[in-house]
Amino acid sequence: MQPERRRKYALNDYTVEWRQKGWYFGRPYQTARDYRGPYSSLASLTLSIARQMRREIERRDGSIATPAPPIVNGSDVAPF
């Protein structure tokens, strides 16, 4: 098991655009027709972007990360 060390990642940026049918997002180098969407609200749009960022972190960190202990009953406090 590797010792805990500081891990820092520069995550990709996203472009967000409002169109007549709703919100769309994509990477800056993509053409607008390749954007994902439509999303009906900013909340669902940002949740989708957050999921993409999480996948990116897991992909990069997968080889060095240790699995987190399971959360029981919504708490990360060890039982007595």
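In what order do the three strands form the open sheet, and is the pairing parallel or antiparallel? The legends below take up this question and then turn to the helix, one lysine and the whole chain.

**View 1. The open sheet of the predicted model.** The three strands form an open sheet in the order E1-E2-E3, and the pairing is antiparallel; two strands are said to pair if DSSP finds at least two bridges between them. Strand E1 (15-19) and strand E3 (36-39) are the edge strands, each of which pairs on one side only. From one strand to the next the twist averages 25°, where axes are lines fitted to C-alpha atoms, for helices over the stretch in contact, and angles run from 0 to 180 degrees between N-to-C directions. This is a predicted model, in which local features need pLDDT of at least 70 and side-chain atom pairs count only at pLDDT 80 or more, while totals for chains, interfaces and linings use all residues. Residues are numbered from 1 along each chain as its sequence is written, and side-chain values use heavy atoms, with hydrogens and water left out.

**View 2. The hairpin of E1 and E2.** E1 and E2 form a hairpin, with two residues between them, and E1 pairs with strand E2 (residues 22-26) in the antiparallel sense over five bridges. Within this pairing, Val 16 stands opposite Phe 25 in E2, and Gly 22 in E2 is the bridge partner of Arg 19.

**View 3. The helix on the sheet.** Helix H1 (residues 42-61) packs on the sheet and touches E1, E2 and E3, and its direction makes about 20° with that of E2; contact here means heavy atoms within 4.5 Å.

View 4. Lys 8 lies in the segment before E1. Lys 8 counts as exposed because its relative accessibility is 68%, given that buried means under 20% relative accessible area, exposed over 50%, and partly exposed in between (1.4 Å probe, protein chains only). Although Lys 8 and Ile 57 are 49 residues apart in sequence, they are 9.7 Å apart in space, C-alpha to C-alpha.

**View 5. The whole chain.** The secondary structure comes to one helix and three strands, and from the N terminus on the elements run β-β-β-α; helices (H or I, at least four residues) and strands (E, at least two) are DSSP runs, numbered from the N terminus. Of the 80 residues in the chain, buried residues make up 18%. Among contacts with a separation of 6 or more, residues 24 or more positions apart account for 35%.
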